[in-house]
Amino acid sequence: MKIARVEAIPFAIPYTKPLKFASGEVRTAEHVLVRVHTEDGVVGVAEAPPRPFTYGETQAGIVAVIGEVFAPQIVGLTLVEREAVHARLGRTVGNPTAKAAIDMAIWDAFGKTVGLAVTDLLGGYTDRMRVSHMLGFDEPASMVAEAERIIQTYGIRTFKVKVGRRPVTLDTAVVRALREKFGDSIELYVDGNRGWTASEALQAMKQMADLDLLFAEELCPADDVLGRRWLVGQLNVPFIADESAVTQADVTREVLGGSATAISIKTARTGFTGSQRTHHLAEGLGLEIVLGNQVDGQLGTACAVAFGAAYQLTARRAGELSNFLDMRDDLLTEPLQISGGELHVRPGAGLGVEIDPDKLARYRKDT
Ligand code: MUC
Ligand code: MG
């Protein structure tokens, strides 16, 4: 069970349709495949999706920090020493997705070693999640047409609408058009990726007061401490902290400071070990959790659903598990399938996924 080697392989797969939101856009999945090899020949896998505009990580930076900083600190530890791995990687404050991918690859390798699914090792609550789909910036008619296609093709009935443009009516018109078209047959919430000021956000939320939103997420900068607290105090829907609450300390600060009332857990940035800690904290604080997505590929999504299905609190709401649908291709031998609005956890030991060697050879950038 000893960790012998950690690989970090950069790969690039284009999106058929870029996802645009207030803090950036994603045109190509420039991710890093992480493989943790044990001395017994077991290989655990996970992917790190850098989001330079949010966390400052880049593909080249992830490859470098894993190769030069993280791998040397964990080679020689065993797969059950996950707390030691967490402590060693935790000496570095940044690099969340690099650390998370190593953590999840170790859990995959551990599950394969003991012959158990990661989701069962984590909590084993259910075997599937309802799926929520993100609608990126576009004209109202195109976003309604996209929602219709997603409903008809995949049965998904929960949508997160990206907002944060100016004037706010650009976005509120989209949410209104969706509600008018689909009535109460869909669930809707909005994510501003810090794009508005607190007062713009309040203006927009007032315009959408009759549209029965589930949540509002990260509408304005968390650093505007008083403005955000002022905003959250006036809303009658839970306010989700996403990029402002990556660590457990962030969650505590945001929630006790009155500037968040729900949280997004993204395995892409807190792995399984950190996400477990955040889940337990949220449970203790009585917060709603939305299982988020960092525009993950299929491997990242397999990790997310394995985590989300493991607990009652994360499985209660639809999880953001569909960004991979817009990728031209992926790395898994057997693609993930969303149907009836649900994604099932992969059966089998570990994460239950295999990397297709031909696809990896085609998309890797380091050869
Ligand atoms: C989200 O919830 O913000 C977009 C960028 C990113 O890092 O995550 C996504 C979705
Ligand atoms: Mg978000």
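Reply: Domain bounds come from an automatic or database domain assignment, and for this chain that assignment gives domain 1 (3-115) and domain 2 (120-344). The model is predicted, so local features need pLDDT of at least 70 and side-chain atom pairs count only at pLDDT 80 or more, while totals for chains, interfaces and linings use all residues. Residues are numbered from 1 along each chain as its sequence is written, chains are lettered from A and ligands numbered from 1 in the order written, and side-chain values use heavy atoms, without hydrogens and water.

The metal is a magnesium ion (ligand 2), and the protein reaches it through Asp191 (OD), Glu217 (OE) and Asp242 (OD), at 2.0 to 2.2 Å. Donors are N, O and S atoms within 2.8 Å of the metal (3.2 Å for Na, K and Ca), and because water is not among the atoms, sites may look incomplete. Along the chain, the donors of this ion follow the spacing D-x25-E-x24-D. Glu217 counts as buried because its relative accessibility is 0%, and Asp242 counts as buried because its value is 1%, where buried means under 20% relative accessible area, exposed over 50% and partly exposed in between (1.4 Å probe, protein chains only).

Glu217 also belongs to the surroundings of Val190: leaving aside neighbours within four places in sequence, Val190 is in contact (heavy atoms within 4.5 Å) with residues including Val161, Phe215, Glu217 and Leu219. Val190 is in turn one of five residues, with Ile66, Val161, Leu178 and Leu219, that touch the most other members of the largest nonpolar core, which has 118 residues; such a core is a set of buried Ala, Val, Leu, Ile, Met, Phe, Trp, Tyr and Cys residues joined through side-chain atoms within 4.5 Å. Another core, of six residues, lies apart from it, with Tyr189, Leu214, Ala262 and Val290 among them.

Between the domains, 33 residues of domain 1 are in contact with 41 residues of domain 2, and the centres of the two domains, taken over C-alpha atoms, are separated by 23 Å.
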